[in-house]
Amino acid sequence: MNNKPSIKIGIVAVSRDCFPESLSVNRRKALVEAYKNKYNADEIYECPICIVESEIHMQQALEDVKKAGCNALCVYLGNFGPEIAETMLAKYFDGPKMFVAAAEETSANGGLVGNRGDAYCGMLNASYNLKLRGVKAYIPEYPVGTASECADMIHEFIPVAKAVYALNNLKIISFGPRPNNFLACNAPINQLYNLGVEIEENSELDLFESYNNHAGDERIPAVIKSMEKELGEGNKKPEILSKLAQYELTLLDWVEAHKGSRKYVAIAGKCWPAFQTQFGFVPCYVNSRLTAMGIPVSCEVDIYGALSEFIGTVVSDDVVTLLDINNTVPSDIYEEDIKGRFNYTIKDTFMGFHCGNTAACKLSFCEMKNQMIMARSLPEEVTNGTLEGDIVPGDITFFRLQSTSDSQLRAYVAQGEVLPVRTRSFGAIGIFAINEMGRFYRHVLVEKNYPHHGAVAFGHYGKALFDVFKYLGVEDISYNQPAGVLYKSENPFA
C-alpha cells in the first residue's frame, strides 16, 4: 500500500479592491514560473479563475482548487489583500494552508507609487484575522519575498503540508495492553483525536487468532525468499523465517482490513512478555520490514512513538526508526574512538538502542539473532526474530510528539549524527552525538517527563518537524539549546 501522501498546492492570489489587481495577477504568474523553474511543477496548481477580492471570489477560488485536486493551499498576497475574504478562504479549505506575501519590486517608473502593493502590511492583517477566526495556517519565518523567494517558501511548506494532511487521514492500530511495569509509554489518547488521528485498540489475543488463521498461507514462501535476500549472510536463524513471514502477512492483511475510511496506517505493537511464549518468536524483524515499507511499527504498544515515527516517515520521505535513549558511551570508547576525532564531549554522546526493529537498510551490517535480554528469563528458541547491527553513520534528527498525563501536547526536536564508531554491543544500536545532549537530557527529557523512546529520522529535518509541531498547535516544543542559552529549569550558578 502507498502509506504516504503526495501534495498538490493550490496557489490563489488575493487583491484588495483599492489596489491594482494587475499587481497580484502578474506577481502570481511570476511566482508560479519561478516555482516551475526550480521545483516539480506537479506540486503546484495556479488558480486562474479570479483574483480573490470578495467573498464571492473566495467561493469561486475554493471550488476551483478543489476541482483541481489540491489538498493544500497557498494564499498569496500580491498586494495588501482583503483580510476577510482571504482568511475565509483558509477557513473553508479542508487541508493545510499557508500565507506568503509579495515584496516590492522596484522604485523606478513610479513603482512605489502606482505599483506599490503593501503586502508587507497586509500580512499583519491576515495573521490577525486568522487568529480571530481560529484558523491554523503556516506562515514562514519571514513570509514576504520575491517570486523566487516565495517559491522557496512554498517548497519548504510541502513536508509540513504532507504531515498535517497525513495525520488527518491516519489510523493508528494498536495491539495491547502495554506490558506490565511499563507505564512510560502510557499516555492519554484524547490528543490523537484532537490531531485528527483515529485509533483502533485491539487485544493481542485478537492478533494471535489472526496469526493462527494465516497458518499455511500460500504467500509465505515468497515472503521467506524476500527475507532471505534481505538478510544475506546475516540469515543466522533460518528456522524462524516461516513464522516471521506468517506474522508479516498477518499484520499487512490486518492493515488492509481495518484501515476503514483512513488512507494511512501506523501500528503500535506488542512484543513482550507473553508474545514470545505464545507466538514462539519476537516480532522485531517483521516490525523493521513494515517500517521500511512506510508503515511504521512502534515497540511495546508505544502509541505516540508510532505517531512520531509516522510524522518522521512523511516529513523525511524515508525510513525511520524508534530507539531507546539507552546508555552512556563508556569512557574507553570515547577516549579511543571519539575524543580528538569529533568535536563532542562525552556528555554529548549516548547510545540509541532497540532490540532489533531498525530496518536492514539503516544498519551497517545485520544479523538475525535471538533477543538477548528476553533470553535471560525465557528459553532461547522463543526469543528468535530480532535484527542486530550497528546503525549507519550520518546525520539524524531525534524527536518525539507526546501527550502528558494531563493531555497536553509536548514535543522535542534535536539534530545530531550517528558517529562512525563501532558500538561493541548488541541489538540495533548506534553511538549518537547531539550538541549539549547532557543538558538537553536533564532539562528536557527528564524535566518534562518524556519516555525513553525517541523517533529517529535519517537526516536533518529539524526545521520541518518544528514547523509541523507548531502548525499542530503544540506550544511546548523543546530543542537542544546551545551553550550559554539556559533552560527555564537550569541553575545559572551551576
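Modeller: Happy to! Contact here means heavy atoms within 4.5 Å. This is a predicted model, and the spot I picked is Ile-139, in the loop between helix H4 (119–133) and strand E5 (144–145). Leaving aside residues up to four places away in sequence, Ile-139 touches Phe-99, Met-123, Ser-127 and Leu-130. For a sense of scale, Gln-371 lies 232 residues from Ile-139 in sequence, and their C-alpha atoms are 47 Å apart.

Now for the charged side chains. The whole structure has 29 salt bridges. One of them pairs Asp-467 with Lys-470, with 3.9 Å between the closest N and O atoms. Both residues sit in helix H16 (residues 462–471), three residues apart, or about one turn of the helix. Asp-467 is buried, with a relative accessible area of 5%, whereas Lys-470 is partly exposed at 40%. Through shared partners, salt bridges link Asp-467 and Lys-470 with Glu-141, Glu-156 and Lys-463 in one network.

Elsewhere, Arg-442 and Glu-447 form a salt bridge at 2.8 Å, N to O. Here both partners are partly exposed: Arg-442 has 40% relative accessibility and Glu-447 has 35%. Lys-369 and Glu-367 make another salt bridge, with their closest N and O atoms 3.5 Å apart. Lys-369 is partly exposed, with a relative accessible area of 29%, and Glu-367 is partly exposed, also with 29%.

Technical notes: Residues numbered from 1 in each chain as written. Predicted model: local features only at pLDDT ≥ 70, side-chain atom pairs only at ≥ 80, totals over all residues. Heavy atoms only, no water. Helix = DSSP H or I, 4+ residues; strand = E, 2+ residues; numbered from the N terminus. Salt bridge = Lys/Arg side-chain N within 4 Å of Asp/Glu carboxyl O. Buried < 20%, exposed > 50% of the residue type's maximum accessible area, 1.4 Å probe, protein only.
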